[in-house]
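Hi everyone, thanks for making time for me today.

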Amino acid sequence: MIRNLIVAEDEFFATGFFDSKSLFQGEMEVNIFVSDGATENDAEKCIAHYNSLVDKKEICDAIDKGLEKFFLYMFEEWECMEDIYSDIAKSLIPIMDGYKAGKKLLSYLYNPSLVVYAQQNEELGYSIESECPWEPEHMCLILIRNDDVVYVGPSGGQEPWDDEDELYCIWNDEE
């Protein structure tokens, strides 16, 4: 399943490609943190799970809800700082229009990669990281642990095994 797997010179991670049949269609990059003990076998399991997400409505709904909260919070933040970041604030208006018209926010994410960590205690965990117009500096990170979406927000070194404090997002306070 993984093609062209190459271990980086620093041996920190290995990068390859696979065919994504799930949230994003087509060829997708996979990054495996081999320095932490993640293996190609771990990656194959995570890829299989990721490719099955398209058939798991509850997970897809949780991703959509997480992206919605993340986007709406960031839209408001950029709007409040429009005098400093007018280019970002203005670039988000068509996304807001699309969102209001029912377009899925996932469709605005691009250049995705699957990130695989050393698996723990028979659990499955990985992240989906992608470029994100409403968080252009830190990207968007979606963390999956087993069949749960445990985080949707900016990428900042979080892992699926992190505790609630490390996965905290202010926009979830409204629940």
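Let's start at a turn: strand E2 and strand E3 are joined by a hairpin, with 3 residues making the link. Keep in mind that what you see is a predicted model.

Is serine 22 buried or exposed? Its relative accessible area is 4%, and buried means under 20%, so serine 22 counts as buried.

Next, let's see what surrounds this residue. Beyond its neighbours within four places in sequence, serine 22 is in contact with Tyr50, Asn51, Leu53 and Val54. A polar atom of the serine 22 side chain lies 2.8 Å from the backbone oxygen of tyrosine 50. The serine 22 side chain also reaches the backbone nitrogen of valine 54, at 3.3 Å.

Let's finish on the other partner of E2. Strand E1, residues 3-7, is joined to E2 by 3 bridges, and these strands are antiparallel. Here arginine 3 stands opposite phenylalanine 17 in E2. The hairpin of E1 and E2 has 6 residues between the strands, and in it glutamate 11 takes a positive phi near 60°.

That's my tour, and I'm happy to take questions!

Notes: Residues are numbered from 1 along each chain as its sequence is written. This is a predicted model: local features need pLDDT of at least 70, side-chain atom pairs count only at pLDDT 80 or more; totals for chains, interfaces and linings use all residues. Side-chain values use heavy atoms; hydrogens and water are left out. Buried means under 20% relative accessible area, exposed over 50%, partly exposed in between (1.4 Å probe, protein chains only). A polar contact is a pair of N or O atoms within 3.5 Å; within protein, one must be able to donate a hydrogen and the other to accept it, and residues adjacent in sequence count only if both atoms are side-chain atoms. Contact means heavy atoms within 4.5 Å. Two strands pair if DSSP finds at least two bridges between them. Helices (H or I, at least four residues) and strands (E, at least two) are DSSP runs, numbered from the N terminus.
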